[in-house]
Amino acid sequence: MSVRPLPLPVLLVLLGTAACGAPPTPAADVLHDGAEVASVLGGADTAGFARALTVRPFRFPADHGSHPDFRTEWWYVTGHLEAVDGRRFGVQFTIFRSALAPRADPSASPWAARQAYMAHLALSSPDEAVFRAWERFERGTLGLAGAELSAGDGAPPELEVHVGDWRLSGSFGAEDTFRIRASAEGVKLDLRLAEGKGIVLNGEAGLSRKGPEPGNASYYYSMPRMPTEGRLVWHGDTLRVRGVSWMDREWSTSVLG
């Protein structure tokens with residue numbers, strides 16, 4: 001069964017209810033309330049959050065990890081794959097982080113979450129004219145979802161961004177390498193992405209302005225043309241695949257006026 005991505009206003013209501021444990025608001029009610037994308041992405045609710053105001057130095061591998069002081073962030077991968085038998089596939093895997101509050105409440109329940117996460121997986125088969133997509137939501141607590149960059153004892157840093165068992169992992173030694181693992185309804189993906197062309201800073205040295213007002217911008221870099229190989233289970237067939245991917249990394253607090 002295909003699942004379409006939710007409209008942004010619906011997504012944000014679901015993320016908010018995930019934080020407090022209330023049942024999700026029905027989509028019809030959300031749309032009736034008339035939430036506007038501009039009000040969500042604009043500057044009305046920026047108090048306490050960091051903002052993309054000026055050019056900053058990027059530091060890697062630290063910037064592969066999370067920036068929880070900003071309201072919104074994503075790890076976004078798209079790719080073209082080809083199986084040994086010649087079948088072609090398109091893949092998209094994204095994990096979104098959305099901050100629900102600028103600071104954690106130290107007295108809150110262990111179930112309370114300052115961050116909420118959404119993951120989206122899509123696969124297309126142009127040879128079969130098939131497109132399928134799935135998504136997941138979790139609060140960033142109790143191991144349900146999170147984004148951690150760890151390093152210790154002289155070992156290379158390791159990145160783990162996950163929503164449930166859907167994962168984007170990274171290892172940063174002599175070369176940056178990433179791994180994607182996700183499965184849903186007869187589909188299983190396990191891909192390894194090499195560094196490829198390397199890091200490209202978008203906009204003005206990584207400051208991507210979206211509007212004229214100060215702070216209506218994001219910090220944004222890409223890793224294009226990443227050699228990709230791995231395994232895809234597609235409707236009962238286990239396929240060795242290889243191809244090329246592109247990863248976008250972006251974080252911000254407000255982007256529209």
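1. Buried means under 20% relative accessible area and exposed over 50%, with partly exposed in between (1.4 Å probe, protein chains only). By this criterion Ala129, at 71% relative accessibility, counts as exposed.

2. The model is predicted: local features need pLDDT of at least 70 and side-chain atom pairs count only at pLDDT 80 or more, while totals for chains, interfaces and linings use all residues. Residues are numbered from 1 along each chain as its sequence is written, and side-chain values use heavy atoms, with hydrogens and water left out.

3. Helices (H or I, at least four residues) and strands (E, at least two) are DSSP runs, numbered from the N terminus.

4. Strand E7 (residues 166–172) has five of its seven residues buried, so the rest of the structure largely encloses it. Strands count as paired if DSSP finds at least two bridges between them. Strand E6 (residues 158–163) runs antiparallel to E7, joined by six bridges; Glu158 has Ser171 as its bridge partner in E7. Two residues lie between the strands in the E6 and E7 hairpin, where Gly164 takes a positive phi near 60 degrees. E7 also pairs in the antiparallel sense with strand E8 (residues 176–184), over six bridges, and a hairpin of three residues joins E7 to E8. Gly170 stands opposite Phe178 in E8.

5. Ser169 belongs to strand E7 and, at 11% relative accessibility, counts as buried. Its side chain makes a polar contact with the side chain of Arg181 (2.9 Å). A polar contact is a pair of N or O atoms within 3.5 Å; within protein, one must be able to donate a hydrogen and the other to accept it, and residues adjacent in sequence count only if both atoms are side-chain atoms.

6. Most residues other than glycine have a negative phi, and most peptide bonds are trans. Ala129, in the loop between strand E3 (115–125) and strand E4 (130–139), has a positive phi of about 55 degrees. Arg225, in strand E12, has a positive phi near 50 degrees and is exposed, with a relative accessible area of 59%. A cis peptide bond joins Phe60 and Pro61, with omega about 15 degrees.
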